[in-house]
Amino acid sequence: MELAQDIIKGNRTALGKGITLLESTLPEHEKIAQELLKLCLPNSGKSIRVGITGVPGVGKSTFIESFGKLVTSHGKKVAVLAIDPTSEQTQGSILGDKSRMHELAANKNAFIRPSPTSGTLGGVANKTRDSIILCEAAGYDIILIETVGVGQSETTVSNISDFFLLLMLSGAGDELQGIKRGIMELADGLIINKADGNNITNAKNAALAYKRALHLFPRMENGWTPKVSVCSAIENTGINKIWDMINNYDSQMKSSDWKSENRKKQNIYWLHHTVKEELGNKKYKLLLSKGKLKALEKEITKGKTIYHLLASL
Ligand code: GDP
(Lines give C-alpha, C1' and ligand atoms only; values in the text may rest on other atoms or scores of the structure.)
Protein backbone atom coordinates (compact mmCIF):
# COMPACT_ATOMS: atom_id res chain seq x y z
CA MET A 1 0.00 0.00 0.00
CA GLU A 2 1.47 3.30 -1.14
CA LEU A 3 0.13 5.29 1.79
CA ALA A 4 1.83 2.98 4.29
CA GLN A 5 5.12 3.28 2.41
CA ASP A 6 4.87 7.07 2.39
CA ILE A 7 4.15 7.12 6.11
CA ILE A 8 7.13 4.87 6.81
CA LYS A 9 9.28 7.23 4.72
CA GLY A 10 8.26 9.98 7.12
CA ASN A 11 5.97 11.94 4.83
CA ARG A 12 3.91 14.25 7.06
CA THR A 13 1.03 14.69 4.61
CA ALA A 14 0.71 10.91 4.29
CA LEU A 15 0.70 10.60 8.08
CA GLY A 16 -2.11 13.15 8.32
CA LYS A 17 -4.08 11.26 5.66
CA GLY A 18 -3.52 7.97 7.45
CA ILE A 19 -4.82 9.34 10.73
CA THR A 20 -7.89 10.77 8.97
CA LEU A 21 -8.57 7.28 7.64
CA LEU A 22 -8.21 5.78 11.12
CA GLU A 23 -10.63 8.33 12.51
CA SER A 24 -13.20 7.92 9.75
CA THR A 25 -16.43 6.16 10.60
CA LEU A 26 -17.21 5.29 6.98
CA PRO A 27 -17.31 1.50 6.57
CA GLU A 28 -15.30 1.65 3.33
CA HIS A 29 -12.48 3.44 5.18
CA GLU A 30 -12.43 1.01 8.05
CA LYS A 31 -10.94 -1.84 6.05
CA ILE A 32 -8.19 0.29 4.50
CA ALA A 33 -7.44 1.80 7.91
CA GLN A 34 -6.99 -1.63 9.44
CA GLU A 35 -4.73 -2.74 6.62
CA LEU A 36 -2.71 0.44 7.09
CA LEU A 37 -2.37 -0.19 10.79
CA LYS A 38 -1.22 -3.74 10.16
CA LEU A 39 1.47 -2.55 7.76
CA CYS A 40 2.69 0.16 10.14
CA LEU A 41 2.71 -2.00 13.26
CA PRO A 42 6.07 -3.74 12.60
CA ASN A 43 7.72 -0.31 12.32
CA SER A 44 6.19 1.03 15.52
CA GLY A 45 7.04 0.95 19.19
CA LYS A 46 10.31 2.84 19.37
CA SER A 47 9.15 6.19 20.72
CA ILE A 48 8.77 7.56 24.20
CA ARG A 49 5.06 8.17 24.73
CA VAL A 50 4.55 11.06 27.11
CA GLY A 51 1.11 11.90 28.53
CA ILE A 52 0.62 15.52 29.60
CA THR A 53 -2.22 16.82 31.70
CA GLY A 54 -3.16 19.83 33.80
CA VAL A 55 -6.09 22.17 34.35
CA PRO A 56 -7.03 24.65 31.60
CA GLY A 57 -4.70 27.64 31.76
CA VAL A 58 -1.82 25.79 33.46
CA GLY A 59 0.23 26.27 30.29
CA LYS A 60 0.01 22.93 28.48
CA SER A 61 0.21 24.29 24.96
CA THR A 62 2.91 26.81 25.90
CA PHE A 63 4.86 24.00 27.53
CA ILE A 64 4.43 21.67 24.56
CA GLU A 65 5.66 24.38 22.22
CA SER A 66 8.71 25.01 24.37
CA PHE A 67 9.43 21.33 25.04
CA GLY A 68 8.79 20.37 21.42
CA LYS A 69 11.32 22.93 20.22
CA LEU A 70 13.89 21.52 22.62
CA VAL A 71 13.23 17.98 21.38
CA THR A 72 13.68 19.01 17.75
CA SER A 73 16.86 20.95 18.62
CA HIS A 74 18.30 17.56 19.66
CA GLY A 75 17.60 16.29 16.15
CA LYS A 76 14.57 14.29 17.24
CA LYS A 77 11.08 14.29 15.80
CA VAL A 78 8.09 15.14 17.97
CA ALA A 79 4.41 14.38 17.43
CA VAL A 80 1.65 16.03 19.44
CA LEU A 81 -1.68 14.22 19.77
CA ALA A 82 -4.57 15.13 22.01
CA ILE A 83 -7.49 13.55 23.79
CA ASP A 84 -10.39 15.88 24.36
CA PRO A 85 -12.63 14.41 27.06
CA THR A 86 -15.48 16.72 26.11
CA SER A 87 -15.49 15.75 22.45
CA GLU A 88 -18.59 13.64 22.97
CA GLN A 89 -20.62 16.71 23.88
CA THR A 90 -18.97 19.45 21.89
CA GLN A 91 -18.24 17.59 18.65
CA GLY A 92 -15.30 19.88 18.33
CA SER A 93 -11.77 19.81 19.44
CA ILE A 94 -10.04 22.31 21.63
CA LEU A 95 -6.81 20.45 22.19
CA GLY A 96 -3.86 19.94 19.95
CA ASP A 97 -4.84 23.01 18.02
CA LYS A 98 -2.02 24.19 15.77
CA SER A 99 -2.83 27.83 16.30
CA ARG A 100 -1.92 27.39 19.96
CA MET A 101 1.52 26.05 19.01
CA HIS A 102 2.27 27.96 15.85
CA GLU A 103 6.07 27.95 16.11
CA LEU A 104 6.22 24.22 16.66
CA ALA A 105 3.65 23.63 13.92
CA ALA A 106 5.99 25.30 11.43
CA ASN A 107 8.87 22.97 12.32
CA LYS A 108 9.35 20.18 9.79
CA ASN A 109 10.31 17.75 12.54
CA ALA A 110 7.05 18.28 14.37
CA PHE A 111 3.60 16.90 13.69
CA ILE A 112 0.56 18.26 15.50
CA ARG A 113 -2.85 16.68 15.38
CA PRO A 114 -6.00 17.73 17.22
CA SER A 115 -8.12 15.29 19.19
CA PRO A 116 -10.51 12.97 17.33
CA THR A 117 -13.76 14.87 17.43
CA SER A 118 -16.38 12.35 18.38
CA GLY A 119 -16.97 9.12 20.22
CA THR A 120 -16.74 7.91 23.78
CA LEU A 121 -13.57 8.62 25.74
CA GLY A 122 -12.51 5.00 25.28
CA GLY A 123 -13.24 5.20 21.55
CA VAL A 124 -11.25 8.42 21.19
CA ALA A 125 -8.40 6.88 23.16
CA ASN A 126 -8.36 3.81 20.92
CA LYS A 127 -8.06 6.03 17.86
CA THR A 128 -5.25 7.91 19.53
CA ARG A 129 -3.51 4.60 20.24
CA ASP A 130 -3.72 3.79 16.56
CA SER A 131 -2.43 7.25 15.64
CA ILE A 132 0.56 6.63 17.92
CA ILE A 133 1.39 3.50 15.88
CA LEU A 134 1.33 5.53 12.67
CA CYS A 135 3.46 8.33 14.17
CA GLU A 136 6.01 5.81 15.37
CA ALA A 137 6.12 4.15 11.98
CA ALA A 138 6.78 7.61 10.54
CA GLY A 139 9.84 7.90 12.77
CA TYR A 140 8.62 10.20 15.54
CA ASP A 141 10.83 9.77 18.60
CA ILE A 142 8.69 11.55 21.17
CA ILE A 143 4.90 11.37 21.14
CA LEU A 144 3.19 13.89 23.39
CA ILE A 145 -0.41 13.08 24.26
CA GLU A 146 -2.19 16.05 25.74
CA THR A 147 -5.37 16.03 27.75
CA VAL A 148 -7.12 18.50 29.95
CA GLY A 149 -7.45 17.68 33.64
CA VAL A 150 -11.11 16.89 33.97
CA GLY A 151 -12.82 13.62 34.79
CA GLN A 152 -11.55 10.31 33.52
CA SER A 153 -9.25 11.49 30.78
CA GLU A 154 -6.08 11.54 32.88
CA THR A 155 -6.38 7.85 33.71
CA THR A 156 -7.09 7.14 30.07
CA VAL A 157 -4.01 9.03 28.89
CA SER A 158 -1.78 7.49 31.52
CA ASN A 159 -2.93 4.12 30.17
CA ILE A 160 -1.56 4.88 26.73
CA SER A 161 1.69 6.56 27.73
CA ASP A 162 5.05 5.44 29.05
CA PHE A 163 5.65 8.57 31.12
CA PHE A 164 2.93 10.71 32.65
CA LEU A 165 3.57 14.39 33.28
CA LEU A 166 1.33 16.50 35.47
CA LEU A 167 1.56 20.27 35.05
CA MET A 168 0.54 22.33 38.04
CA LEU A 169 0.51 25.88 39.35
CA SER A 170 1.64 27.07 42.72
CA GLY A 171 -1.42 28.11 44.68
CA ALA A 172 -1.65 30.51 47.59
CA GLY A 173 -0.64 28.06 50.31
CA ASP A 174 -3.16 25.45 49.27
CA GLU A 175 -0.84 23.47 47.05
CA LEU A 176 -2.28 20.13 47.90
CA GLN A 177 -5.89 21.06 47.49
CA GLY A 178 -7.93 21.02 44.36
CA ILE A 179 -5.93 18.25 42.79
CA LYS A 180 -7.17 14.76 43.15
CA ARG A 181 -4.79 12.49 44.95
CA GLY A 182 -5.55 9.73 42.45
CA ILE A 183 -4.16 11.83 39.62
CA MET A 184 -1.02 12.67 41.56
CA GLU A 185 -0.45 8.98 42.10
CA LEU A 186 -0.39 8.49 38.35
CA ALA A 187 2.30 11.10 37.75
CA ASP A 188 5.88 10.10 36.97
CA GLY A 189 6.81 13.77 36.84
CA LEU A 190 5.14 16.69 38.52
CA ILE A 191 5.98 20.12 37.14
CA ILE A 192 5.14 23.49 38.63
CA ASN A 193 4.84 25.80 35.64
CA LYS A 194 4.94 29.62 35.57
CA ALA A 195 8.01 29.73 37.80
CA ASP A 196 8.90 33.22 36.62
CA GLY A 197 8.66 36.87 37.72
CA ASN A 198 7.25 37.23 41.23
CA ASN A 199 6.20 33.64 41.26
CA ILE A 200 9.60 31.92 41.40
CA THR A 201 9.72 31.53 45.20
CA ASN A 202 6.11 30.37 45.37
CA ALA A 203 6.77 27.78 42.70
CA LYS A 204 9.88 26.47 44.46
CA ASN A 205 8.00 26.24 47.77
CA ALA A 206 5.17 24.41 46.06
CA ALA A 207 7.69 21.97 44.59
CA LEU A 208 9.05 21.25 48.07
CA ALA A 209 5.55 20.68 49.44
CA TYR A 210 4.76 18.25 46.64
CA LYS A 211 8.04 16.41 47.11
CA ARG A 212 7.16 15.87 50.75
CA ALA A 213 3.62 14.81 49.91
CA LEU A 214 4.82 12.30 47.33
CA HIS A 215 6.89 10.55 49.99
CA LEU A 216 3.67 9.56 51.69
CA PHE A 217 2.39 7.84 48.58
CA PRO A 218 2.93 4.13 47.98
CA ARG A 219 6.05 3.37 45.98
CA MET A 220 5.61 2.76 42.30
CA GLU A 221 5.74 -0.83 41.13
CA ASN A 222 8.50 -0.02 38.65
CA GLY A 223 10.85 1.37 41.31
CA TRP A 224 10.67 4.95 39.99
CA THR A 225 10.34 7.81 42.45
CA PRO A 226 8.21 10.53 40.86
CA LYS A 227 10.24 13.68 40.28
CA VAL A 228 9.15 17.21 41.05
CA SER A 229 10.51 20.16 39.12
CA VAL A 230 9.71 23.79 38.30
CA CYS A 231 9.72 25.47 34.89
CA SER A 232 8.63 28.51 33.00
CA ALA A 233 7.21 27.44 29.67
CA ILE A 234 7.02 31.05 28.56
CA GLU A 235 10.61 31.96 29.48
CA ASN A 236 11.92 28.57 28.48
CA THR A 237 13.60 27.78 31.79
CA GLY A 238 13.70 24.39 33.48
CA ILE A 239 12.66 22.63 30.27
CA ASN A 240 16.04 20.89 29.84
CA LYS A 241 15.65 19.31 33.24
CA ILE A 242 12.33 17.78 32.22
CA TRP A 243 13.88 16.41 29.03
CA ASP A 244 16.60 14.78 31.16
CA MET A 245 14.01 13.45 33.58
CA ILE A 246 12.07 11.73 30.79
CA ASN A 247 15.20 10.30 29.17
CA ASN A 248 16.47 8.96 32.51
CA TYR A 249 13.13 7.35 33.13
CA ASP A 250 13.10 5.81 29.69
CA SER A 251 16.56 4.29 29.96
CA GLN A 252 15.83 2.91 33.44
CA MET A 253 12.54 1.39 32.32
CA LYS A 254 14.12 -0.09 29.22
CA SER A 255 16.94 -1.74 31.11
CA SER A 256 14.57 -3.22 33.70
CA ASP A 257 12.24 -4.36 30.89
CA TRP A 258 9.40 -2.46 32.55
CA LYS A 259 8.77 -0.43 29.41
CA SER A 260 7.81 -3.38 27.26
CA GLU A 261 6.04 -5.17 30.11
CA ASN A 262 3.98 -2.08 30.80
CA ARG A 263 3.05 -1.71 27.14
CA LYS A 264 1.93 -5.34 27.11
CA LYS A 265 -0.23 -4.66 30.16
CA GLN A 266 -1.69 -1.60 28.45
CA ASN A 267 -2.53 -3.62 25.34
CA ILE A 268 -4.32 -6.16 27.49
CA TYR A 269 -6.21 -3.42 29.31
CA TRP A 270 -7.38 -1.94 25.99
CA LEU A 271 -8.32 -5.36 24.66
CA HIS A 272 -10.69 -5.90 27.60
CA HIS A 273 -11.97 -2.35 27.42
CA THR A 274 -12.70 -2.56 23.70
CA VAL A 275 -14.39 -5.95 23.82
CA LYS A 276 -16.64 -4.65 26.59
CA GLU A 277 -17.41 -1.44 24.75
CA GLU A 278 -17.98 -3.02 21.35
CA LEU A 279 -19.79 -6.22 22.33
CA GLY A 280 -21.46 -5.24 25.59
CA ASN A 281 -20.95 -6.38 29.15
CA LYS A 282 -22.97 -9.57 28.84
CA LYS A 283 -20.98 -10.92 25.89
CA TYR A 284 -17.77 -9.77 27.54
CA LYS A 285 -18.51 -11.76 30.68
CA LEU A 286 -19.42 -14.80 28.63
CA LEU A 287 -16.15 -14.62 26.69
CA LEU A 288 -14.26 -14.12 29.92
CA SER A 289 -15.83 -17.17 31.57
CA LYS A 290 -15.06 -19.31 28.52
CA GLY A 291 -11.40 -18.33 28.74
CA LYS A 292 -11.60 -16.75 25.27
CA LEU A 293 -10.06 -13.49 26.40
CA LYS A 294 -7.04 -15.21 27.92
CA ALA A 295 -6.31 -16.65 24.49
CA LEU A 296 -6.64 -13.22 22.89
CA GLU A 297 -4.33 -11.70 25.50
CA LYS A 298 -1.61 -14.02 24.22
CA GLU A 299 -2.28 -12.98 20.63
CA ILE A 300 -2.18 -9.29 21.39
CA THR A 301 1.22 -9.48 23.01
CA LYS A 302 2.45 -11.02 19.74
CA GLY A 303 1.58 -7.82 17.90
CA LYS A 304 -1.91 -8.42 16.53
CA THR A 305 -4.27 -5.44 16.42
CA ILE A 306 -7.35 -5.32 18.62
CA TYR A 307 -9.60 -5.02 15.55
CA HIS A 308 -8.13 -8.13 14.04
CA LEU A 309 -8.85 -10.02 17.24
CA LEU A 310 -12.35 -8.57 17.59
CA ALA A 311 -13.15 -9.77 14.09
CA SER A 312 -12.18 -13.29 15.15
CA LEU A 313 -14.81 -13.39 17.91
P1 GDP B 1 -3.40 25.47 28.55
O2 GDP B 1 -4.83 25.85 28.63
O3 GDP B 1 -3.02 24.57 29.68
O4 GDP B 1 -2.98 24.93 27.21
O5 GDP B 1 -2.56 26.82 28.81
P6 GDP B 1 -1.87 27.82 27.77
O7 GDP B 1 -0.58 27.26 27.29
O8 GDP B 1 -2.86 28.23 26.76
O9 GDP B 1 -1.52 29.03 28.74
C10 GDP B 1 -2.51 29.75 29.48
C11 GDP B 1 -1.98 31.13 29.79
O12 GDP B 1 -0.87 31.06 30.66
C13 GDP B 1 -1.51 31.89 28.56
O14 GDP B 1 -1.86 33.24 28.69
C15 GDP B 1 0.01 31.71 28.59
O16 GDP B 1 0.68 32.77 27.97
C17 GDP B 1 0.28 31.68 30.09
N18 GDP B 1 1.48 30.91 30.40
C19 GDP B 1 1.79 29.68 29.95
N20 GDP B 1 2.99 29.27 30.45
C21 GDP B 1 3.44 30.29 31.23
C22 GDP B 1 4.61 30.48 32.03
O23 GDP B 1 5.52 29.64 32.11
N24 GDP B 1 4.69 31.65 32.72
C25 GDP B 1 3.73 32.60 32.69
N26 GDP B 1 3.92 33.70 33.40
N27 GDP B 1 2.63 32.46 31.93
C28 GDP B 1 2.47 31.32 31.22
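Trainee: What makes Lys9 count as exposed?

Mentor: First off, keep in mind that this is a predicted model. Lys9 has a relative accessibility of 67%, and exposed means over 50%, so Lys9 counts as exposed.

Trainee: And why is Asp6 called partly exposed?

Mentor: Asp6 comes in at 21% relative accessibility. Buried would need under 20% and exposed over 50%, so Asp6 counts as partly exposed.

Trainee: How do you know that Lys9 forms a salt bridge with Asp6?

Mentor: The closest N and O atoms of Lys9 and Asp6 are 3.6 Å apart. The cut-off is within 4 Å, for a side-chain nitrogen of Lys or Arg and a carboxyl oxygen of Asp or Glu, so the pair qualifies. In general, side chains of opposite charge can pair when their charged atoms come close.

Trainee: How many salt bridges does the structure hold?

Mentor: There are 10 salt bridges in the structure. Another of them joins Lys265 and Glu221, at 3.5 Å from N to O.

Trainee: What makes you say that Lys265 and Glu221 tie parts together?

Mentor: Look at where they sit: Lys265 is in helix 12, while Glu221 is in the loop between helix 10 (200-215) and strand 7. Those parts are 44 residues apart in sequence, so the pair ties them together. As for accessibility, Lys265 has 42% and counts as partly exposed, whereas Glu221 has 69% and counts as exposed.

Trainee: Why are Lys259 and Asp250 called buried?

Mentor: Lys259 has a relative accessible area of 9%, and Asp250 has 5%. Asp250, Lys254 and Lys259 are linked in a network of salt bridges.

Trainee: What about Thr72: buried or exposed?

Mentor: Thr72 is at 11% relative accessibility, so it counts as buried, under the 20% cut-off. Thr72 belongs to helix 4 (residues 60-73). Beyond its neighbours within four places in sequence, Thr72 is in contact with Val78, Asn107 and Asn109.

Trainee: What stands out about the phi of Asn236?

Mentor: Phi of Asn236 is near 65 degrees, a positive value in a residue other than glycine. Asn236 sits in the loop between strand 7 (227-230) and helix 11 (239-255). Its relative accessibility is 44%, so Asn236 counts as partly exposed. Asp257 also has a positive phi, near 75 degrees, and lies in the loop between helix 11 and helix 12 (258-279).

Trainee: Which residues form the nonpolar patch on the surface?

Mentor: Met1, Ile32 and Leu39 do, with about 220 Å² of accessible area together. Leu39 lies in helix 3 (residues 27-40).

Trainee: One last thing, the domains. How much area do domain 1 and domain 2 bury between them?

Mentor: About 640 Å², with 50% of it on carbon and sulfur atoms. In domain 1, Asn126, Arg129 and Asn159 lose the most area to domain 2, together 58% of what that side buries. The salt bridge count between domain 1 and domain 2 is 0.

Methods: Residues numbered from 1 in each chain as written. Predicted model: local features only at pLDDT ≥ 70, side-chain atom pairs only at ≥ 80, totals over all residues. Heavy atoms only, no water. Patch = residues over 30% accessible without salt bridge, like charges linked within 9 Å, V, L, I, M, F, W, Y side chains within 5 Å. Areas by Shrake-Rupley, 256 points an atom, 1.4 Å probe, with all protein chains shown as cover. Helix = DSSP H or I, 4+ residues; strand = E, 2+ residues; numbered from the N terminus. Buried area = accessible area lost by both parts, 1.4 Å probe. Buried < 20%, exposed > 50% of the residue type's maximum accessible area, 1.4 Å probe, protein only. Contact = heavy atoms within 4.5 Å.
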